[in-house]
Every structure is written in structure tokens, then in C-alpha cells.
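Let's take a walk through this one, from the inside out. Keep the viewer open as you read.

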Amino acid sequence: MLEKTYDPAAVETRIYEGWQEAGAFKAGAGAKPGAETFSIVIPPPNVTGSLHIGHALNNTIQDILIRFERMRGKDVLWQPGTDHAGIATQMIVERQLAERQQPGRREMGREKFLERVWEWKAESGGTILNQLRRLGASADWSRERFTMDEGLSEAVRKVFVTLYEKGLIYRAKRLVNWHPGLETAISDLEVENIETNGKMWHLRYPIEGSEETITVATTRPETMLGDVAVAVHPDDERYKHLVGKHVILPIVGRRIPIIADEYADPELGSGAVKITPAHDFNDFEVGQRHGLKPINIFTTTARLNNTVPAEYRGLDRFEARDRIISELEALSVLVWVDDKKIMVPYDEKSKVVVIEPFLTDQWFVNAEVLARPALASVKEGRTKFVPKAYENTYYAWMENIKPWCISRQLWWGHQIPAWYGPRLNTDPDFNNRDAGPKCFVAETEAEAIRLAQSYYGNRKIEVYSAGVNAPDYAKALSTFETAQRDRMNADTWSMRKHKDPFAELSDSKVPLHRDEDVLDTWFSSALWPFSTMGWPHQTPELAKYYPTDVLVTGFDIIFFWVARMMMMGLEFTGTEPFHTVYMHALVRDEKGQKMSKTKGNVIDPLELVDEYGADATRFTLAAMAAQGRDMRLAIARVEGYRNFVTKLWNAARFLEMNGCTRVEAFDPRANTLALNRWIVGSTARAVATVTAALDDYKFNEAANAAYDFVWGTFCDWYIELAKPVFTGDDEAAKAETQATAAFVLDQILKLLHPFMPFVTEELWAETGKTGPAREKLLIISEWPDLKGFEDTEAQAELDWLVALISGIRSVRQEMNVPAGAKIKLLVVGAGDVTGTRVEANLSALTRLARLDSVDYTSDVPRDSAQLILGEATFVLPLAGVIDLDAERTRLKRDIAKETVEIDKIDKKLGNEQFLAKAAEEVIEEQRTRRAEAEDRRARLIEALSRLS
């Protein structure tokens, strides 16, 4: 016997452990040999992460697809794993060291520090995957991967070396987003531009050899120390005579040119722009076009370096700003200052550190070349986005793609497989300082040494760790380079050999050191779909499950992850990594506001699971996951779906109490009762609707169709209509209905399983204790296939009965008929079919509509409410049941009240100032209120018309 109430906390852990022990999550579980495959790779959460509501939505959608396709008999793989999260992980461990007053990263050295990070990962790195288990995620945990495990590290090295050899990876000095606190380059995704109250300083630069000046404006006056030009628009008549002349940079005294470039906007400010290529992305492009040499004025910690006048060296950038403004005022260079709202780039995590455009040597990928086939894949339809509108976002990124900076100045991550050594004096770039050291890129140190030996000849190669024995390396490098220079001059070399008998050996040892930087986390993530399956080795998993089918992800990483997986997948496997990209929306609070800790409106999915169960949490997210529309998550919705879980449990318990057990070889197509033929046909239609919606990634439509069928059709109608059969004397009818109810419950458990796996698996096991033995767990059972089970005649009859009872109930409610009052029903103009239906369903009609009697008549009496169904009019005489005049007065008053409310909202929504100033969630709330008021008014008008 089922327990009286369902307790998720007592069931979920046990059910999940049972799935794992049975191997139900493993790739291919339940599939027949040769079955069609279906695979998804999980967007790897950061190893530092904890489950938030976005993760819960993303993984619920994935799990729905995985469970659905597994039940459809496919050979399914859901590939799990985590991302090493370079910056976040390193910050956590460094913070931990500081809190424990232990030696810091640099004191420990790279090797010891990385040992500590791996220890932290072993202790704390699995938190989020364990949390996903609580949500019911049925990933193949036996195949869990980590972006820095040995297999994935091999793939990363292989890709880096291959792209380098193709000329698609290169090292260059370029402008990057620089984090002065962490002293590393960061990605655009880790930068948040925040509107800030700032200022615009207008500066007057003197023109060389003239009394004339030119005025420029800047929001960052400290960067003027790095100015290398002033730009004006080539068509700006005010400045044409100045192009080619020079200004003298105040404070510094540097002579810089006035150039013509279309970047300068004649309509903005004075039309003249200071150009600082080392500290502004737009200025860098201008500098590239005009061959201007950038001047970097900052250190890696955003202090002023030795390129600036002595009195400013070592100052923090903001301290320097104040000092420079004071000096500019004293020199009469500062003309005026405006208050201005400006966008300032902050560290996305802390919202405190201001990110600095910074000129530095970094590694880059030529993304433009890799983007071409990835762009064509979407345009030619081999990969599609759902919703389709996101394709435009993809195109915008890919058609304007820039070089991808892939190096980070961290220790935790994939160390770049490049080794550096001094150039030989025979190298064409020996005297070219901009060329840098000789670089050897290889998958292993042994291969790098082999490459070095082919360059250096018979010299001995000695590899140094620049961090651990930097002084030794510096000494060896200096010795080698000095010998190389001396050898270029015969007299110098002869003199040196005369003084030093060992001079010939001075450059016999070549010092090499490995690049200390690591790769951008997104680099390894870009390989995720194929590296997790064993690439670069041709594994059985790679052959079977790649390319994958669907990627489920958020819109904010279309470029950072989706596009890069497309590029890498096509480059290294020749195939798109997935045929569909499903972009889920953002989860907001019930007022439509973005969740944030500052606002205090964050909803913790694990708290929802604790309070309401995983099934209710999952079903809420699925039911609200409309394509292309952010969801507003209200706790009341989760409570409502918890009630749905309870409704299902209670229905199963009621059927159990009424002897509804499964029957061996039961064929519902042999049913004789219209009621049973109807529910089987309705089940078939519900299965078809849910299946089609899931195939189209319309998760909300699938969930809502299942909900409407289970709660409405099955529980509220079928069970209610079946109650008299269960308690009646017709044993044949009872047996058929009991068997049908048990059969339909089985189909319902299958239908709901992808959405609510725990309660359905529990009910599957409990209902399997009677009747034929269950052959397998629900998770690997077959998806319902009820094609051909529809019965149009029974459907028409029972749909008519449901519509009639619902209509009578609505009239009773609208007219304020007392709930306990039984009233008459008169039928006018009934044809033979309607008459037959009334007689066949008279008992159910009178019981469920609370009728005193049902009679036929040709006239409609006064003071009656009417409803039309088919060719007949159904009349409810209300005289003596309610005060009709008072009811008409009430209805008219309520109609007027709703009209006033609608007019008030219309005035607000028609006010342009309101629309311009109000938050989007406020406007949306007003629209929702109007729609609700309009619906209430329509129902009141319909009720009044019944009494007219």
C-alpha cells in the first residue's frame, strides 16, 4: 500500500542511488545493439562553482532530453565534467593561503603552489556535480572529465602545436584587457562595463612653432603621458591646415603629429582626439593604421613606469590622475571640465578593480580564418539555433571577429607548450629587438629539445625553470648572448680567446626556458565536445557519439564558447560538434528583475529542492522555459507544482485502493466502455503532443500539456467519472475500468518521467508490486507508443460531456448559485445524438453538475441562464434560486469597475514619459494587470448576457 503522503526527502537519495547501482546512467544503458545514438556534452561548470538557478535550468533541460531519448530506445551519452576555471581557482587558493597565514604563491614557487591547487580540487572541486545529482541529473558519471586531466591536456597541446604550425597561432604585442590586481590578461566576458559618474577634461595642446592650440578631451587624463598623436577627421575644414604639423605634449614635452583619420568625429567635442595606442582599443587601431609606436606608461599593477617624467614614476594611476590634473591647471592646459556619465570597465567578479587596456606580448589565435567554415555551417543550415533569432547574434560576432588572445599570466591552467632560447648570430632577427627570443613550440619538452638541437647544432641544451632558478637562467643566457655577439667580430673574438682559454665553450650550452603563461580557460573548453571522447585518439566513443546532437547553453556565451567549439570542431574533426544549439533564457525573480545578491532576490535551487522536492523544482523550470523569453520565477509556482506531485501520488493511491492493477497482455483497444476508450485516446493525444513539443525544444509546451492531461483530463475527469464504475455492480465494466486506469497510469509515469523522475520512478516500483512483474526500471523503460489508439466516437461523446458539465459549473459560479443548491436543467432543440448522449451520461451529468433533474422542452423560460453546445441549448432556470435583479446589478457594477481599471492602465501605458522612465518589469506588470482585467470583464459580460 502506498504511503499516505509522498516525502521527497525520504525517496530521492534512495532512488538516485538505485539508478547508479543499476548502471542506468551509463552510455548505452537500456539501448538495443545498433540503436541510434544521442549525445550531449554538459557545459562544464567551474570547478569552483556552486549550483545556481541558471545551472538548475540548464541541466534540467539537458536531463529532460537525455531521459526522453533514453526512453525512446536510443544509445544515449550525457558527458559530464568540470572546467578548471583558471582565474577563479587560483584566487581561491591564494586567498586560502593568506587566511591561513601561509607562504604566498610566489614564495612557494610554481610547483608547490600547483600541488596545493590540486589538493584543493580533490577536496572541494566536486561540489557542483554533487549538487547536480540532487537535481536528478542522469549523466554518465563514470566518464566524468576535467579540462586539466591528462587526456584533455594532451588534446590541448596537440591543438596548440597544430595551429601554431599552420600559422594560426602566433605571439604578438597587442592591447588586451588587463587586470592590475591579478596581473593577467582577461577575456571580455570577465569585464563588466558599469555606468559611472565621471568627468570629461578638455585639454589645450600647443602647436609647434605657432601661437595656435588644439583642444582634445579625455575621461582619463593620466593617459595623456602616453599620447603619440592627435587625430582629426580628414574632411574637417577646421583642421585641414594642421594635418602634418605637430603639437608639443604638455608635461612631457614630446613632439607628436597631427594626423587625419576617420575615427575622429567632427560632431563630438572639438572634433580632435588624443591618440594613446597603448591604453585605448580604438586608439590602438588608429596607431596601427598610421604606424605610430605605442608608449606603455603603466606597470603590470597599473602604476606609472619609467617612460613618464620622474616625478610621476611609481604612482598609482588614480593618484597620478590627481597630480597630473593639478599640473595641467597650473600650466593653463586644462580648459574646462564637464560632468559626464561614462562606462568604466570593471572586473566582473569584484566590481571593484578597474580593468586597464594594456599593451603586452600575448599569444593569439587567428580567429578570422577559423570562423569562416563555422559561419558557413550555420548559414547553410548544418547547425541551427533555437530560437532562430540567436543566429543573428552569432553572425554579428563571427562576421566581425578579432584575434583571440589565448594567454593568461597565471600558474593554474594549461601551461603554454613553448620554449624560448637565445637567437644565434646567424639568425636574420638576431639584432631585431622586436623579434624576441627564438621560440620552439612542441607537445613535449623532449620534442622542444629536439627542435632546439636542429637550430643550435651540436650545442648542449639545458632547460631552466624561469621561476625557480631565474638567476641561473639569466646568467646562462647572458653568457651565451655575449659570446654570440663577440663571435660576430673577429678581432673581439680573438682578443677574448686570448684572455679566456675557455671562450670556445662559452656558448656550447644553450639555456631554454618554458613560457610561464597558461592558456585561456576557453581554449580547452572549445575542445570539450571531442576531447572528452578521447580525441586526438580515435576511440570507440568518438566514433559513436561525435558529433553530439544538442548543446544547451545560455545566450551570454554564444561567442566565448559556442562559436569557438564550432571553429575547433570543424578544424580538427571536419564536422560540426552539434546540429542544434538550444539557447535557454534568463531566470529572473517574480517581478522580472535580474537576480543578484545585492538586491537580495537570489533563489537558491537547492533550497527549493529541500523545501519542495527536486521534481517540483524541475517541473517549474521546464513549465516556464518558453523559447526566447526570460522566465519570472515565483515561489508560488514551485508550490503549485509540488501540489501536482501530490495530486499524482494521491491519484495513484486512490486507484490502488480501488483495485486498479495492471493486467497481463491487456489490450486497451478491446475496451467497450466509451469512458475507457476516451481516456486511452486522450492519453495517445497527450503523448503525441508532449513528444512533438520535446522534439521542437518547446519544453514549456511539453510540460504544460502533460500537466493539463494528468491533472485535468485524468484526475479531474476520468477518475471522477470512473468512481461509480468502481463502486458499481457491473463486474465486467469494473474490471475493464480498473485495468484501463492502471494502464493509463503507467503511460502517465512514462510521460512525466523526464520532468519528474523521482516520484515517477517511486510510483513505478510501488505499482509494480502487484500485477505482472516489472522487467526494468522506469528510467530505461520504453517511451509510450499509442499510435492508432484514438477513438473518435468516444472522444466526441466524452468531450461533449466534459464541455457541458464545465459550462454548467461556470454558469453556477458566475451567477453566484449556492454550491449546495441543486437546480434543473432544460434541454431545448436536442437532436438524436445529443439526446442519446444525455441519457447515456445522465448519472454523471446530474452528479457532477449538481442537477435536480434533466428535462426536454421547446421553450426557454424567463429568468434563465443559457449555454449552447452543438445544436442544443441548455437552460438553467434561476428564478427562486438567486435574486436575478440583484445579480444583474452586481454584474453591471463589476463590469464598470473593471472598465475603470482598464482605462487607468491604458492611460499609463499610453504615456510616453511613463514608458521612457519606468523599468521594464513595471511596464510588463501593468500589461499583465490589463490582460487580467480584460479577461475578468469579458467573463462578466458573458455572464450578464446569459441573463438578458
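Predicted model: local features only at pLDDT ≥ 70, side-chain atom pairs only at ≥ 80, totals over all residues.

Start with the largest nonpolar core, which has 203 residues.

Now zoom in on Phe755. Leaving out residues up to four places away in sequence, its contacts include Ile64, Asp615, Arg618, Phe619 and Val690, as well as Phe699, Ala702 and Ala703. Phe755 also belongs to a cluster linked by ring pairs, together with Phe619, Tyr641, Phe644, Tyr707 and Trp711.

Over to Thr360, which sits in strand S14 (residues 356-365). Thr360 counts as buried because its relative accessible area is 14%, under the 20% cut-off. Beyond its sequence neighbours up to four places away, Thr360 touches Ala172, Lys173, Arg174, Val176 and Trp178.

As for rings, the structure holds 45 aromatic pairs. One of them joins Trp118 and Trp412 edge-to-face, at 5.1 Å centre to centre with 75 degrees between the planes. Trp118 is in helix H5 (residues 110-124) and Trp412 in the loop between strands S17 (407-408) and S18 (418-421), so this pair ties together parts 294 residues apart in sequence. Trp118 is partly exposed at 37% relative accessible area, whereas Trp412 is buried at 1%.

Charges show up over rings, too: Arg564 lies over the face of Trp404, 4.0 Å from the ring centre, and Lys723 lies over the face of Phe654 at 5.5 Å.

Conventions. Residues numbered from 1 in each chain as written. Heavy atoms only, no water. Core = buried A, V, L, I, M, F, W, Y, C linked by side-chain atoms within 4.5 Å. Buried < 20%, exposed > 50% of the residue type's maximum accessible area, 1.4 Å probe, protein only. Contact = heavy atoms within 4.5 Å. Helix = DSSP H or I, 4+ residues; strand = E, 2+ residues; numbered from the N terminus. Phe/Tyr/Trp six-rings, centres within 6.5 Å; stacked < 30°, edge-to-face > 60°. Lys NZ or Arg CZ within 6 Å of the ring centre and 35° of its normal.
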